[in-house]
Each structure stands twice: as C-alpha cells, then as structure tokens.
Amino acid sequence: MSVIATEGTDPSPDRLPAHKISYHDFSTMLFSFAGRAPKKMEGLEELRYNEIPEVLAQRKKDGEAFLEKTEVQSLIEWKLYVCGRITWPFISIHFLEAPFASQALTQFYSSRKFGTYRPRLATLVASNSVSEVRQKTSSAFSIFSSDDTPNPAKAISTLSKLKGIGPASASLILSCYDPTTIPFFSDELFRWLHWEIKDEKSTKRKRTVESKDEGWNRKIKYTAKEYAAVFEKTNEVRERLSKEAGQEIEAVSVEKVAYAIAKDIEGRVLVEKDPSAAPHPSKQRKKNNSKPP
C-alpha cells in the first residue's frame with residue numbers, strides 16, 4: 001500500500017518549491033503518486049505511463065517510431081478523464097496540523113487528475129485520418145530525434161497540426177516518446193514550476209496565496225511559449241536533483257511529483273472546508289512502514 005506522504009513531509013509548495021525541493025522530499029512525493037488511480041482508470045494509466053512508451057521505444061529500435069490513431073485517442077482519453085474534477089482556483093490554502101490530516105486526503109481523492117476539462121477534444125482528434133496521425137507523429141519524433149540537444153519546439157509544432165492537438169496534448173504525445181527529457185504540460189506542473197514567479201500585472205497590488213494570478217490560481221494560456229518555459233524549468237529541476245541523487249531523474253517523475261503535491265493540497269483544502277468529513281483518529285489505518293525508493 002502506498003502512502004500520501006511520509007511523516008514530516010508537508011506538501012505545501014512553499015515547503016517544497018520546485019527550485020529547492022530535496023531529493024529526499026522529491027522521492028517521498030514520487031512514491032506517494034503510485035496507487036492513487038481508481039480501478040476504472042488503471043488501464044489508461046498503464047497505457048500512458050508504460051504500454052505506449054514501450055511500444056514507441058520498440059518501434060524506434062525497429063527503424064520508425066509513430067503512433068496509431070487509436071493510440072493517440074487513448075492518450076487523449078486519459079488526458080480528458082484525468083482533467084475533469086480538479087477545480088481551480090481553490091478558495092484558500094491553509095494546512096491542517098491534525099494527526100489524521102494525511103489520511104483524510106485519501107477520502108477526498110477524485111477520480112480525475114490533471115488540468116482543464118475539454119470534452120470536444122475527443123471528437124476533434126477522432127476526425128484525423130489514420131494516415132495523418134501516423135505521418136505527423138512519425139515526422140515529429142524524427143524531428144525531435146534529429147536535434148543534438150533536446151528541443152521539443154519543432155516537434156510540438158508538427159504535432160499541433162493534427163486536429164484537436166494543442167501544445168499540451170502534443171507534449172503528452174512527445175513525453176511518451178521521451179519520458180526522460182520531455183514533460184507533459186499539466187496545470188499542476190506549470191503552477192508548481194512557476195510558484196514563486198510573480199505576475200508583472202499584479203506587482204502593485206497586495207499579494208496573497210489566493211491571488212487570481214499566482215500560485216495554484218495562476219492562469220494558463222496553453223501556448224507554445226508557456227510550454228517552452230515548462231520544458232526549461234523541468235530540466236533545471238532534473239539536472240539539480242540528478243546531481244544530488246547520483247542518478248538520472250526523468251521528466252515524467254517531475255510531472256508526477258507536481259501532481260502529488262497539488263493533489264495533497266486539494267485534499268487538505270477540502271478537509272479544511274469540512275473538517276467533520278475527515279476520518280476520526282481512532283479509525284486511522286495502521287501507519288504504513290513502506291519506504292520510498
């Protein structure tokens with residue numbers, strides 16, 4: 001059984017900012033990501049994080065990496081399914097110190113995970129032909145691989161020529177091709193990476209965590225420029241933590257940690273709004289003694 005967070009780990013972005021998070025805390029939050037998906041979503045999780053990346057790796061070895069239309073549709077289905085129930089912005093962010101707080105988070109786990117729900121995407125993506133999807137994905141992967149230094153800009157642009165595919169969806173496809181260096185452009189990752197960056201338009205106003213243009217409330221336009229910033233900052237985090245850990249940290253792991261932090265915050269906010277919904281301390285599960293890797 002996985003844990004939400006090990007004892008003593010506060011998932012607040014102020015406590016665990018992307019540019020300062022230690023490898024220990026990073027590993028703890030990454031460990032907490034596993035096992036969160038409800039059973040009805042496990043198949044999609046397996047496709048997104050394991051099966052499709054493995055298929056692409058094998059096709060690359062065979063001489064040409066590409067995705068079939070059905071595979072792209074599955075990725076978009078995952079994206080849509082996991083985007084539906086996180087509501088931004090939060091009313092407030094205050095952290096409970098009650099001993100049962102972390103257990104309460106599991107009660108409030110919602111079945112969808114990332115970002116902004118866009119139901120028309122599935123219809124648009126389905127309107128692409130089989131040959132279009134093969135050609136555009138193959139071309140994008142080839143373009144990306146041809147650069148000596150990883151640069152997703154041209155590949156993202158190529159994938160975005162498919163109907164229903166913008167920079168965020170394109171980054172998801174490219175992340176499956178190269179999960180080591182390419183992050184998925186999720187709301188949680190963008191906001192975590194930009195947590196301490198102030199919006200120039202609000203510099204003259206009194207700032208709070210609940211400000212409409214900061215923190216978890218930061219507006220996202222889902223542009224190629226924003227994704228370029230996500231890519232750059234993700235790899236800054238990767239490089240720093242890889243040196244500390246003595247092993248390579250993958251972009252997909254940074255994405256998962258950002259989600260785990262965001263999701264734990266959401267649970268704490270919900271408990272704060274209705275403390276009576278939190279499980280009674282006497283009904284807590286026995287402490288999980290598992291250790292993060």
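The exercises below, with worked solutions, concern a predicted model.

**Exercise 1.** Determine where T180 lies and whether T180 is buried or exposed.

Solution.
1. T180 is placed in the loop between α8 (167-177) and α9 (187-193).
2. The relative accessible area of T180 is 17%. Buried means under 20%, so T180 is buried.
3. Leaving out residues up to four places away in sequence, T180 touches R238, E248, I249, E250 and A251.
4. With one of these residues, E250, the side chain of T180 makes a polar contact of 3.2 Å.

**Exercise 2.** Describe the setting of S32: which helix holds S32, and which backbone oxygen lies 2.7 Å from a polar atom of its side chain?

Solution.
1. Helix α1 (residues 23-33) contains S32.
2. S32 has 1% relative accessibility and counts as buried.
3. The backbone oxygen in question belongs to M29.

**Exercise 3.** State how many aromatic pairs the structure holds, then classify the pair F33 and Y49.

Solution.
1. There are nine aromatic pairs in the structure.
2. For F33 and Y49, the ring centres are 5.9 Å apart and the planes stand at 85 degrees. An angle over 60 degrees counts as edge-to-face, so this pair is edge-to-face.
3. F33 belongs to helix α1 and Y49 to helix α2 (residues 42-62), so the pair ties together parts that are 16 residues apart in sequence.
4. Both partners are buried: F33 has a relative accessible area of 7%, and Y49 one of 14%.

**Exercise 4.** Classify the pair F141 and Y177, and explain why it ties together separate parts of the sequence.

Solution.
1. The centre-to-centre distance for F141 and Y177 is 4.5 Å, with 5 degrees between the planes. Planes under 30 degrees apart count as stacked, and the pair is stacked.
2. F141 lies in helix α6 (residues 130-146), whereas Y177 lies in helix α8, so the pair joins parts that are 36 residues apart in sequence.
3. F141 is buried, at a relative accessible area of 2%. Y177 is buried as well, at 13%.

**Exercise 5.** Find which residues the ring pairs link into a cluster, and which charged ends sit over the rings of W78 and F66.

Solution.
1. The cluster linked by ring pairs consists of F33, Y49, W78, F184 and Y259.
2. Over the ring of W78 sits the charged end of R48, 5.1 Å from the ring centre.
3. Over the face of F66 lies R59, at 4.5 Å from the ring centre.

Methods
Residues numbered from 1 in each chain as written. Predicted model: local features only at pLDDT ≥ 70, side-chain atom pairs only at ≥ 80, totals over all residues. Heavy atoms only, no water. Helix = DSSP H or I, 4+ residues; strand = E, 2+ residues; numbered from the N terminus. Buried < 20%, exposed > 50% of the residue type's maximum accessible area, 1.4 Å probe, protein only. Polar contact = N/O pair within 3.5 Å; in protein donor to acceptor, adjacent residues only side chain to side chain. Contact = heavy atoms within 4.5 Å. Phe/Tyr/Trp six-rings, centres within 6.5 Å; stacked < 30°, edge-to-face > 60°. Lys NZ or Arg CZ within 6 Å of the ring centre and 35° of its normal.
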